[in-house]
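Here is a walk through a protein chain for you to follow in your viewer. Could you open the model and take me along, one selection at a time?

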Amino acid sequence: MRRVGLVATASYLPERWMTAAEIAERSGIPERVLVQKFGIRGKHIAGVDEHVSDLSVRAADKLLQETGFDPGRIDVVMYYGSMWRDYAMWQVAPHIAYRLGAKRAFAIEYDNVSHGTPIALRVARDLVRSEPELHSILMVAACRESYLLDYENENSRFMFNFGDGAVAGLLVGDPEQNEVLGSHAITNGAYSLQVKVGGGGSVDPDGYRFLDVQDPAEMKGGLDQESLPNFVAVARGAVERSGLTLADVSFVCPLHTKRSMFLALLEALGVGEDRAVYLDDTGHMSGVDSLLGLDRAIRDGRVGDGDVVLLLSAGTGYTWAATVVRIGEVA
């Protein structure tokens, strides 16, 4: 079977950083609760004229400049970030490809929101495996969902950690390093109507235009029971499909969660806190988180040759997903 590698990553975070104190002032949630329980010291906020396409291009440009990879060689540009893009009904991937100069690439996108990175890696890997003429896929994701928050809506308070940013990854066939291995995912559609922007669609064209939660108590009660077991199940499934076990995992890049969930997850996986990335300076950014975590870990020298990295995420719908990447040279 053809091997596929994640040979480069890059990220972009907007200049403005909204502190936990500012979030506290707007939401009424004490700053210490935001820091200690929500696990957020602050988050980045896009400028009013800085849109999803702009964020994506900034991250992708950084990757291309750092690697010297010719955008004219890109076969596919894949966008997998926030569903809330520059325009309500619009495909952002072709615009990103055009701005990058990826003239021979075809553009695709899909809406897998917060569980985006593990599934994007899975889809891109399988696409390269199945079509021998494809050699490179540029994955991009961005989030600008801080603008969808109503800090006076207590139903949506668990989303007050949502921030803005973007990430890019370059996958190639027959790589020299960082092989993308197995993936696994679980979906429970019972939560599919819980989190949404209710207004603007065909059901309620003129309704509420911010993120809302249908029944916070019901959602929390259910997810408190399911989330940790499902995180562990997708992690186990991904490593087993990689010919490994959970004991082989040496580093974890999860989405941003409340701190108690982060610690419980690491304990369940048998990984120390020093072997994971916690994004308490960015908060949650839709599908961006776990690839941003990997980008940071690589740049900081926290992962090296032979490390088995688990990228782990979950998102409304509700889906839990994991993908494994082995850092270093491909044997």
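## First stop: a strand residue

Asn178 sits in strand S8, which covers residues 177–187. Keep in mind as you look around that this is a predicted model. Although Asn178 is not a glycine, its phi is positive, at about 55°. Is Asn178 buried or exposed? It is buried, because its relative accessible area is 8% and anything under 20% counts as buried.

Now select Ser286, in the loop between H7 and helix H8 (289–299). Ser286 is another residue other than glycine with a positive phi, here near 50°. With a relative accessible area of 2%, Ser286 is buried.

Select residues 31–38, which make up helix H2. Which residues of H2 are buried? They are Val33, Leu34 and Phe38. These three cover an arc of only 100° around the axis, so they lie on the same side of H2. Turn to the other side of H2 and you will find Arg32 and Gln36, which are exposed.

Just after H2 comes Gly39, with a positive phi of about 75°.

Keep H1 and H2 on screen. The two helices pack at an angle of about 115°, and their axes are 8 Å apart. Their crossing is right-handed. To see the contact itself, show Ala20, Ala21, Ile23 and Ala24 of H1 together with Glu31, Leu34 and Val35 of H2. Of the residues in this contact, six are nonpolar, none is polar and one is charged.

The model has six aromatic pairs. One of them is Tyr87 with Trp90, an edge-to-face pair with 5.1 Å from centre to centre and 85° between the planes. Tyr87 counts as exposed, because its relative accessibility is 54%. Trp90, at 24% relative accessibility, counts as partly exposed.

Then move to Tyr318 and Trp320, whose rings form a tilted pair: 4.9 Å centre to centre, with 50° between the planes. Both of these residues are buried.

Tyr318 is in the loop between strand S12 (308–315) and strand S13 (319–329). What kind of peptide bond joins Gly317 and Tyr318? It is a cis bond, with omega at about 5°.

## Last stop: two residues and their contacts

Select His51, in the loop between strand S3 (42–45) and helix H3 (52–67). At 29% relative accessibility, His51 counts as partly exposed. Where does the chain come back to it? Ala142 is 91 residues away from His51 in sequence, and the C-alpha atoms of the two are 9.0 Å apart in space. Setting aside neighbours within four places in sequence, His51 is in contact with Asp86 and Arg144.

Finish with Thr117, in helix H5 (residues 116–130). Thr117 is buried, with a relative accessible area of 1%. Which residues is Thr117 in contact with, leaving aside its neighbours within four places in sequence? Show Tyr80, Gly287, Val288, Ser290, Leu291 and Leu311 to see them.

Terms used. Residues are numbered from 1 along each chain as its sequence is written. This is a predicted model: local features need pLDDT of at least 70, side-chain atom pairs count only at pLDDT 80 or more; totals for chains, interfaces and linings use all residues. Side-chain values use heavy atoms; hydrogens and water are left out. Buried means under 20% relative accessible area, exposed over 50%, partly exposed in between (1.4 Å probe, protein chains only). Helices (H or I, at least four residues) and strands (E, at least two) are DSSP runs, numbered from the N terminus. The arc is that of the directions from the helix axis to the C-beta atoms. Axes are lines fitted to C-alpha atoms, for helices over the stretch in contact, and angles run from 0 to 180 degrees between N-to-C directions. A crossing is left-handed if the near helix is turned anticlockwise from the far one by less than a right angle, and right-handed if clockwise. Contact means heavy atoms within 4.5 Å. Ala, Val, Leu, Ile, Met, Phe, Trp, Tyr, Cys and Pro count as nonpolar, Asp, Glu, Lys and Arg as charged, and the others, Gly among them, as polar. Rings of Phe, Tyr and Trp (its six-membered ring) pair if their centres lie within 6.5 Å; planes under 30 degrees apart count as stacked, over 60 as edge-to-face and the rest as tilted.
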